[in-house]
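Keep the viewer open as you read.

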Amino acid sequence: MDIALFIAQLVVVLGCIVMGTRSSGVGLGLWGGTGVAILVFGFRLAPGSPPVDALLIVLSVVLASSMMQAAGGIDWMVSIAAKLISRSPKQITLVAPLVSFLFSVGAGTSNILYPLLPVIQDLSYRNGIRPSRPLSLSVVATGVALACSPVSAAMAAMVTLTDTAPWNFELIDILKVTIPAAIVGIVLSSIAVNRLGKDIADDPEIQSKIAKGELEAPHADAQEVKAAVTVTAAGRNAALVFLLGVAAIVIFGLFKGLRPLDAEGAAISMTPVIEIVMFVVGTLILLVSRPKVAEIPTMTVFKAGMVSAIALFGLAWLTDTFLGAHTKLIAEGVGGLVTAAPWVFALGVFLVCVLTTSQSTATRTIVPIGLAAGIPLGLLSGMWAGAFAGIYLLPTNGSQIAAANFDVSGSTKLGTKLVDHAFFLPTLILAVTTIAAGALFGALWGG
């Protein structure tokens with residue numbers, strides 16, 4: 001294999017990723033598909049396999065999630081999360097990120113965080129806690145949450161890569177590494193983040209606003225802080241149906257004997273199980289809560305899911321085409337480097353998350369390289385989860401901008417130099433702590 005030809009093809013792949021990143025959104029998918037065209041028609045490579053299984057999982061989950069949102073289910077989940085956060089205001093830098101994480105895991109999306117941001121800001125400031133601390137870590141925690149959710153697009157991409165021969169590493173094998181790793185990472189990060197920035201009493205900017213009457217002085221009171229959402233019985237029922245569906249997926253993952261058998265007498269994989277369960281969940285929500293089906297395409301979850309699916313389609317097809325043509329070279333060359341220093345794999349996932357702000361894209365781009373390199377699946381899963389924090393390294397994500405806008409104290413800054421914003425250090429801290437914990441748990445029981 002001519003090394004110059006390999007490098008030229010690699011430049012095409014990286015160039016399309018960069019151009020897709022500049023376009024953002026569906027542009028990621030378009031540039032991915034264009035890269036496939038260049039590799040196939042220009043370099044005469046055999047086209048790779050589009051990520052059909054991952055796309056079908058994403059579509060089924062997005063449909064069920066959008067049904068839940070249209071019925072008011074996400075609003076109900078937000079109201080419950082707000083109550084949980086309100087119960088421990090003095091420990092909000094720990095409680096708010098953990099609650100945000102858990103509800104993002106259950107919903108399969110970080111969109112649930114938006115209505116919680118003003119609640120977190122109000123409770124923290126009222127109790128004399130710098131709002132940037134819980135706000136920043138709560139935002140970043142929703143990033144790693146998608147590596148722990150059975151119904152996230154990133155997990156769909158991961159399962160379809162590992163739940164096949166010769167790995168046969170299933171959903172439950174991934175979750176038993178990523179969930180404890182993420183929780184440990186959040187707890188450790190909260191200790192460090194709670195020391196970032198000046199306390200309200202020592203912050204001259206906040207004190208100046210108080211002195212000028214632009215901002216009230218912090219004062220805790222008994223008034224309950226509620227999220228600005230409308231809670232209905234239909235929404236509650238939709239959320240409960242959806243969460244029961246998530247629980248059913250986990251149960252099927254734990255107990256293979258509950259799954260139907262394929263033609264060879266073996267339990268079917270989790271890919272069709274997830275798709276089937278999500279279709280049933282959507283149908284039950286339709287029957288129980290009766291959301292307006294015509295409104296489904298207008299739901300924020302639906303729009304975000306479709307964009308993720310298009311980006312996943314194009315870029316995953318591009319990387320599969322390139323990797324399929326150079327599997328041996330990558331396994332021997334890059335594989336040796338990754339085997340000697342596994343953290344290089346985590347760095348790769350982290351950087352693609354930074355560039356694309358898409359965990360599913362990072363999964364389909366970098367995980368195949370880790371698999372080809374022979375990284376143990378438990379170790380790979382643990383590092384994969386922590387690296388997801390990378391989508392918040394730059395202050396370009398919607399939840400980061402929303403958090404800064406909701407923080408009336410001005411402590412949550414977006415910065416002007418890309419590295420001086422309130423999310424930069426929490427992102428690095430959570431990534432390092434979760435990757436370290438994930439590597440430990442993966443080595444202990446990940447396989």
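Predicted model: local features only at pLDDT ≥ 70, side-chain atom pairs only at ≥ 80, totals over all residues.

Phe 313 has a relative accessible area of 36%, so it is partly exposed. Trp 317 is partly exposed as well, because its relative accessibility is 24%.

## The nonpolar cores

Which residues have the most contacts inside the largest nonpolar core? They are Phe 101, Phe 242, Met 278, Ile 285, Phe 345, Val 349 and Trp 384, in a core of 110 residues. Helix α3 (residues 52-71) gives the most to this core, supplying 10 residues.

Beyond its neighbours within four places in sequence, Ile 285 is in contact with Ala 64, Met 67, Met 68 and Ala 71, with Ala 238, Val 241 and Phe 242, and with Arg 290 and Pro 291. There is also a second, separate core, with 15 residues that include Phe 6, Val 12, Leu 28 and Leu 39.

## A mostly covered helix

Helix α8 is mostly covered, with nine of its 10 residues buried. The buried set has Ala 154, Ala 156 and Ala 157, Met 155 and Met 158, Val 159, Leu 161, and the threonines Thr 160 and Thr 162. What do these buried residues pack against? Their partners are α3, α9, α12 (270-289), α13, α17 and α18 (377-387).

## The largest pocket

If you are thinking about grids and volumes, the largest pocket comes to about 920 Å³. It is lined by 40 residues, and the closest to its centre are Ala 304, Ser 308, Thr 357, Ser 358 and Gln 359. By class, the lining has 17 nonpolar, 22 polar and one charged residues.

At least two residues each come from α3, α7 (132-145), α8 (153-162), α13, α16 (343-356), α17 (359-373) and α19 (398-406). Helix α13 gives the most to the lining of the largest pocket, with seven residues.

## The second largest pocket

The second largest pocket has a volume of about 560 Å³. Of its 25 lining residues, Leu 10, Leu 14, Thr 365, Ile 366 and Ile 369 are the closest to the centre. Two or more lining residues come from each of α1 (3-23), α13, α15 (334-340), α16 and α17.

Which helix gives the most to this lining? That is α16, with eight residues. By class, the lining of the second largest pocket has 21 nonpolar and four polar residues, and no charged ones.

Most residues other than glycine have a negative phi. Asn 168, in the loop between α8 and α9, has a positive phi near 50°. Its relative accessible area is 48%, so Asn 168 counts as partly exposed. Arg 290 sits in the loop between α12 and α13, and its phi is also positive, near 50°. Arg 290 is exposed, because its relative accessible area is 66% and the cut-off for exposed is over 50%.

The last stop is Gly 197, found in the loop between α9 (171-193) and α10 (204-211). Gly 197 is partly exposed, at 46% relative accessibility. Leaving out residues up to four places away in sequence, Gly 197 touches Arg 130 and Arg 133. Gly 197 and Arg 133 are 64 residues apart in sequence, and their C-alpha atoms are 8.0 Å apart in space.

Notes: Residues numbered from 1 in each chain as written. Heavy atoms only, no water. Buried < 20%, exposed > 50% of the residue type's maximum accessible area, 1.4 Å probe, protein only. Helix = DSSP H or I, 4+ residues; strand = E, 2+ residues; numbered from the N terminus. Contact = heavy atoms within 4.5 Å. Core = buried A, V, L, I, M, F, W, Y, C linked by side-chain atoms within 4.5 Å. 1 Å grid on protein atoms, 1.4 Å probe; cavity = no way out; pocket = protein on both sides within 12 Å on 5 of 7 lines; lining within 4 Å. Points joined across faces, edges and corners; volume = space filled by probe spheres on them. Nonpolar A, V, L, I, M, F, W, Y, C, P; charged D, E, K, R; others polar.
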